[in-house]
Structures are given as structure tokens and as C-alpha cells.
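Please open the model in your viewer and keep the sequence panel beside it. The stops below can be selected one after another.

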Amino acid sequence: GNGCVPCWMRPRPRRPSESECCGNGCVPCVFDVYDQDLKRWKEELAYGDHGLDTATRSTDDWCLSPVEFREFRLAKIRRESDNAWRYTFIIPENGSLKLKMGQHIVLRTEIDGHHIVRSYTPVSLLNARGQFEVLIKLYETGVMSQCIKSWQIGSVAKWKGPYGDFHYEPNKFRHVGMLAAGTGVTPLYQVACSIVDNEADETFVQLVYACRTAKEVLLKEELDCLSEYWNFTVLYVLSQDPSVKQITRYGDKVA
């Protein structure tokens, strides 16, 4: 009754600053996440929940969490295009992010005393264990981009999630059309993978992927693999370089 916080409790969640909201209508917004965190924190305090005691945490507890940012170590960096890079992070104890179709994760960093957050969709398989991959486009003037540019092998980044309430019912529709541009292909790639990987799902997926040039096409190898399935096709729309010769795979459709 003295208002003291027990030693086993995690710190009270910090309310995000206005600058941490990207203003793009994300679901959930960083303020929604804060409200959820604060509610759970108050419940833990009221009921004496020792579930966060590090001595009793399970392997899954050390993986991704929707209520707190956790650290993951960078294991690999691979260039995908002139301004996009693929980053591979280690999941401790061969764990899994436990993502569902259509879900994303949130990255947070601190710059000049301000927390900056951005959402990304992993491009690794939903059931991948031991590591996960994110594909990130870097901008010359981007605040988060400046931080990411400083990453090196062994760097630690703070991630939180998963988030997203995407509902998909196999075989509900005969065809599913997808429109993507740039790195916007990552969430659609995740959904497409889930559909074609389900042998019981006969939904036909048609992706229209717009880029300025052939060199800016991301996940090309992965899209080639998906194109081997009977129920997936991709049309590349190149606004500044409509040359079939620059698409390296024979049979690719270019507009």
C-alpha cells in the first residue's frame, strides 16, 4: 500500500513521444502499444505476476515480445540493390518469431535522446528458426536510415512484435491480385509464400510489381522460386527501364 514497485517488476512503460509516431496510420500505432503495455504492467503490479522473472523465463520468453523491445544481434548484411539491404538477425536458442501471415515487427533506436520507431515485415519464412531477415531501403535523409547505416556484424538492434491483424481464409477467393512498389513488396511476398506453400489452398495469386528500373527489383530470386508454382505469377512494371534484356530470368513478364 506504500506505492513502491516490487524489485521483480519491469520498469513502468515509457509513453512514446509525438516524434515516435510516423503518422501513417499503423495498426497498432506506437501509442496503442503503449496503452497495452501500461495495462499489462498495472495488472502485473496489482496481481503480483512474477512471470517476467528472468530465472523462470522459458526459451520462447527470450524471443520476440509484443509488450517489450528485445535485443537481437546482427549476423549478416547483404546488399540487394543500390539503396536496399537485407539484414539477418540471430534468434537465441534456435527460437522463432512466431509470425502469422500478414504480421510485421517494430524496430526502435535512440537518436539525440529521442526514440525512433519503424515497422518492417520479415522476408524470412514464417516458421524460420534461429534467425530472421528484414529487407530495408535506406534513404539519404532518413532518420532511421542513418542509424541503420552504422550497423555492423555483431551490432544489436531492439525489436518488438509481432503485430498485425490480417485475416485470410484459404480458397475463399479464386484469384488474389497484389500491387506493390519498391520495398512494399515485402508484406505481399510474405502472404504469397503462405498461400502457395499451402497445398490445400488453390487460390491463384497475381502480383504486379512496379519499380523504376530492373536493378531496383527486390526479392528477385525469391519471386523466381514462387513463379515455379502453378498458382503464382508476377508482372514487372518498369517506369524508366522497360527493357526485357535487363530482367535476368527468361520468361519474366515485363510491362
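This is a predicted model: local features need pLDDT of at least 70, side-chain atom pairs count only at pLDDT 80 or more; totals for chains, interfaces and linings use all residues.

Residues are numbered from 1 along each chain as its sequence is written, and side-chain values use heavy atoms, with hydrogens and water left out.

Select Arg86 to begin. With a relative accessible area of 4%, Arg86 is buried (under 20% relative accessible area, with exposed over 50% and partly exposed in between, for a 1.4 Å probe and protein chains only).

The term requires a side-chain nitrogen of Lys or Arg within 4 Å of a carboxyl oxygen of Asp or Glu. Glu80 and Arg86 are both buried.

Now select Glu133, whose salt bridge with Arg86 has its closest N and O atoms 3.1 Å apart. This pair links distant parts of the chain, with Arg86 in strand 2 (residues 84-90) and Glu133 in strand 5 (residues 131-137), 47 residues apart. Helices (H or I, at least four residues) and strands (E, at least two) are DSSP runs, numbered from the N terminus.

Move on to Glu222, which also forms a salt bridge with Arg86, at 2.8 Å between the closest N and O atoms. Glu222 lies in helix 4 (residues 220-226), 136 residues from Arg86. Salt bridges that share partners join Arg78, Glu80, Arg86, Glu133 and Glu222 into one network.

Finally, select Cys63, buried at 2% relative accessibility, and Cys147, buried at 16%. Counting cysteine sulfur pairs within 2.5 Å as disulfides gives zero disulfides.
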